[in-house]
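Me: Please show the sequence and the structure, and then let us discuss them through questions and answers.

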Amino acid sequence: MNLVDEGNEKDAIPDEEETYENEEFDKSSDLEEKKRATNKLNAEGNIANTQIFIQSLDKLNMNCILSSDEKNSKEPVRKYDLRNLDDCTEFVEKYGHSEYLATAIILSTFEVVTLGDLPDLQEKLIAYLPITEKLDNKENDCYQRNPYISLNTIFAIIGGERFVTEDGQTCVGLGKDSKQALINILEQFPLLRSSVVSWLIHINEIYRYRTTFDAYQVAVAFSRIISLDILDARKRVLSQLYTNPQNAGLLGTLAYILYEDIALKEDVENIIMQWMKSDSIWLWKSACLVYSLFMENDIEFSYEKILRQAIGKRILQFKGKDFDFISALMIRSKYFRGMMTDIFYGRYKAAKTIEYRTGLAQRYIHLIRHSYYLVNSSFVELPLVACDTKQQQENLRHILEEIMSVYRLRKQLYAILEAYMKELSNYNFSEKAINHISAYFYNMASVDTVYQQDVWFFLKRCQNKVAEQICDRLYSVYKRRDLLI
């Protein structure tokens with residue numbers, strides 16, 4: 001499969017209505033209303049899964065547990081150490097297709113599980129476990145579902161523990177080395193592997209992630225299954241995850257977790273490479289998340305050029321969900337913000353037609369518009385506007401020149417910036433943030449001297465705290481350089 005070189009324009013420029021969803025805004029009030037609606041959709045789970053996985057950027061490898069409750073004092077007749085192969089084998093043979101086995105599999109698959117989720121996970125897993133006895137056979141009580149088996153009774157047999165998370169949730173787990181219990185179960189009873197995989201795939205499809213903590217546990221669960229046999233997992237697990245674009249965040253996080261296992265590094269690198277080279281319309285997103293996770297955690301990523309090409313060749317085909325994903329990732333990752341400016345610069349410089357350059361400028365506007373929808377009091381610096389470095393500003397200079405030269409594009413950009421500055425005026429922001437935004441306006445006004453007065457009048461018209469501070473900074477710059485209009 002050949003990669004498309006950066007700047008190769010053999011990909012047809014798609015119809016504007018199909019790609020942009022025919023959304024163009026001329027007034028900041030329209031954008032403010034759209035942001036309120038978008039925030040509501042996000043809160044109701046519209047892009048919740050993607051958002052939560054991206055929010056994990058600064059929380060992976062987190063120490064989730066604050067403290068553990070006292071262990072059970074009740075001693076059963078027989079207590080099993082599931083990390084011991086013989087104990088584990090005897091336990092499964094005795095308690096197959098029961099709450100005991102279901103709980104053991106759940107707590108060895110997940111690092112920890114919230115207490116409220118455990119009953120639902122038990123019920124769903126038991127439905128997937130193979131049945132060797134009729135459930136209505138009263139002579140085999142251990143195969144009957146018993147709602148009155150206490151958690152303490154189960155834990156006394158399998159060695160479970162209770163924990164308290166940082167946000168006060170009560171969770172349960174098997175404690176240290178719980179993965180070994182899963183290895184013992186699935187190696188000794190290989191027919192259970194299909195059941196566990198099917199159950200976990202089902203859980204991933206129906207589970208509504210509420211927090212970063214929950215999403216991280218699901219990713220860890222998949223990593224435990226996959227690491228048992230990565231070749232088998234490619235066919236049994238990954239192939240199923242590839243069928244749903246909503247798994248982009250999960251796959252990226254999963255690759256990052258698996259990469260920590262030295263024995264799996266080469267396999268994970270091959271998988272990431274396949275994502276970047278794939279003709280899939282969404283697997284490149286998983287590679288983007290991996291890149292950001294690696295860079296934010298000081299892990300070498302040797303495929304930046306290939307990833308830039310993978311994104312660049314698709315940039316004119318981006319639709320709403322693509323903009324949502326990239327915007328959310330840019331807000332979290334300074335490295336990904338830098339990569340996006342590199343892509344815009346490279347594609348613009350290599351473009352051979354005016355239509356292509358105008359298309360890139362329009363994509364840039366749509367990207368910062370979707371990023372604006374995600375700005376809040378915790379993330380006040382709008383990506384690709386409040387740039388992290390001077391290099392990023394320089395990379396965007398050509399795109400800004402294109403936008404300023406086309407009235408309809410300039411009008412859209414002004415509408416986004418006006419809405420952004422108005423909202424930002426209600427937040428607490430740092431001196432660094434206002435300096436970064438001021439640099440953007442200076443860059444925008446400097447692409448050609450004919451636009452200086454236009455930008456100046458725009459800022460004066462906005463009449464909010466942020467616009468006033470930017471005007472003060474620009475005034476000082478122009479005065480020093482005798483460029484004041």
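Reply: Helices (H or I, at least four residues) and strands (E, at least two) are DSSP runs, numbered from the N terminus. Residues are numbered from 1 along each chain as its sequence is written. This is a predicted model, in which local features need pLDDT of at least 70, side-chain atom pairs count only at pLDDT 80 or more, and totals for chains, interfaces and linings use all residues, while side-chain values use heavy atoms, with hydrogens and water left out.

Me: In which helix is Gln393 found?
Reply: The helix in question spans residues 390–395. Gln393 is found in helix H19.

Me: Is Gln393 buried or exposed?
Reply: Buried means under 20% relative accessible area, exposed over 50%, and partly exposed in between (1.4 Å probe, protein chains only). Because its relative accessibility is 10%, Gln393 counts as buried.

Me: How far apart in space are Tyr128 and His202?
Reply: In sequence, Tyr128 and His202 are 74 residues apart. In space, C-alpha to C-alpha, their separation is 10.0 Å.

Me: Which element of the protein has the lowest mean pLDDT?
Reply: pLDDT is the predictor's confidence in each residue, from 0 to 100. Helix H17 (residues 334–350) has the highest mean, 97. The lowest mean, 41, belongs to helix H1.
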